[in-house]
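Student: I have a model open and would like to go through its local features. Can we take them one at a time?

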Amino acid sequence: MGDLKQALADALDGARQRSLGLLDPLSEEEQLAQHSPLMSPLVWDLAHVGHYEELWLLRAVARTQPIDPAHDDIYDAFKHVRKERAGLAILGAAEARSHIAMVRGRVLDVLDKVELDPAVPLLNDGFVYGMVAQHEHQHDETMLATLQLMASPYPHVAVPAPAGRPLPEVEVLIPGGPFVMGTDTEPFAYDNERPAHTVDVADFYIDTAPVTNGQYLAFVEAGGYDEPRLWSDAGWGHRLEADLEAPQFWSPQGGGSWSVKRYGQQIDLPLDEPVQHVCWYEADAYARFAGKRLPTEAEWEKAATGASAAANLGGRHFGPSGVGAYPDGASRYGAEHMLGDVWEWTSSDFTAYPGFTTFPYKEYSEVFYGSDYKVLRGGSWATSPLVARTTFRNWDYPIRRQIFAGFRCARDV
Ligand SMILES: [Fe+2]
């Protein structure tokens, strides 16, 4: 096997070790259960990544026949919403493991023989293999969100995150002018990150780091959740309907102190960590409270130029690190934590870049374009380094809080 093929096989293996490692501490019952109407049973995610792998790395690459035609219904994310999936004839924990291992064995045989022909877009630079490995890591992050919603404690060992440090400045100035947004050169970039195109932005300030729990607590204590003028109309409507009073998983302990539930353990709210589990409406209201605004997606990407993956990624710490913990990952402009720790809500709707073409299927990006979704950037502590890059675009409904999402603010000069 050549170097590229070996790297692709290693990427697939790394994703698989991670998926199995996340589910191994759980009972069969916990893997089959519906822990939240927002999430799939964990074992559905596991078999779904195997089915996706069969679709792309066997059926698309090697023209094989379906292994089990029923899986094209059960494991198609568009055929059944998440809360229905526990009621389908899904594979059990042991069956799912042996099924995906069998698929993987065949995939490695195909990879050994296939010519990674640069003239075939799916195979150029091994794109389709990178797509499948990224897909599995994205589901691993989704599974971490499910595990956080589980009623019983999730058995895990969190490697301590590096300590934070005082930031040199609260915000950094990003000079206006054109920059290149998106990419034509990242081999595993998704269609929505393409093509690279020039965007002009005006001068702006952006926070050096994401808004911390301590900063967000000041908004809570100042009555931010009871002040309609800080919220958009839709945001205020949602705040009332969903009875939002603080970020998800926070609870008041009396005397002004708060705790947060993390994988079943109640811990003191870490004031210096980026706030997470806030929806877009909360982020938007906080920004108004701070006299600022959320950055646009273009502003975020420009501010992130040169940020490195010296960052809290990959899920080892089971939570964000203290602000200032990764000075080496800073962007060219001195913005820190652009990658890792928390996904960052931007003010932008999820739309196509000029010159966008669907590749390789419209259900990855195209069907989601429009004003229903807000863009998140930068990856979280649970995101794989294989997925985290400054051009990567994530999106979700503005009411969602179970994802590892926080934000930073910006302002005009
Ligand atoms: Fe998927």
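**Loops, metal site, helix and sheet**

Tutor: Arg63 lies in the loop between H3 and helix H4 (71-74). Helices (H or I, at least four residues) and strands (E, at least two) are DSSP runs, numbered from the N terminus. This is a predicted model: local features need pLDDT of at least 70, side-chain atom pairs count only at pLDDT 80 or more, and totals for chains, interfaces and linings use all residues. Residues are numbered from 1 along each chain as its sequence is written, and side-chain values use heavy atoms, with hydrogens and water left out.

Student: Is Arg63 buried or exposed?

Tutor: Arg63 is not a glycine, yet its phi is positive, about 55 degrees. Buried means under 20% relative accessible area, exposed over 50%, partly exposed in between (1.4 Å probe, protein chains only). Arg63 has 68% relative accessibility, so it counts as exposed.

Student: Which protein donors does the iron ion have?

Tutor: Donors are N, O and S atoms within 2.8 Å of the metal (3.2 Å for Na, K and Ca); water is not among the atoms, so sites may look incomplete. Along the chain, the donors of the iron ion follow the spacing H-x86-H-x3-H. Lying 2.2 Å from the ion, they are His48 (NE2), His135 (NE2) and His139 (NE2).

Student: How many residues apart in sequence are the parts that His48 and His135 tie together?

Tutor: Both His48 and His135 are buried. His48 lies in helix H3 (residues 42-62) and His135 in helix H6 (residues 127-149). The pair therefore ties together parts whose separation in sequence is 87 residues.

Student: Why are the buried residues of H7 on the same side?

Tutor: In helix H7 (residues 213-221), the buried residues are Asn213, Tyr216, Leu217, Phe219 and Val220.

Student: Which strands stand at the edges of the open sheet of four strands?

Tutor: Two strands pair if DSSP finds at least two bridges between them. The sheet has the order E10-E9-E8-E11, with mixed pairing. A single partner strand each, so one side of each without a neighbour in the sheet: that describes strand E10 (393-396) and strand E11 (405-406).

Student: What is omega at the cis peptide bond joining Phe359 and Pro360?

Tutor: Most peptide bonds are trans. Pro360 lies in the loop between E8 and E9. At the cis bond joining Phe359 and Pro360, omega is about -5 degrees.
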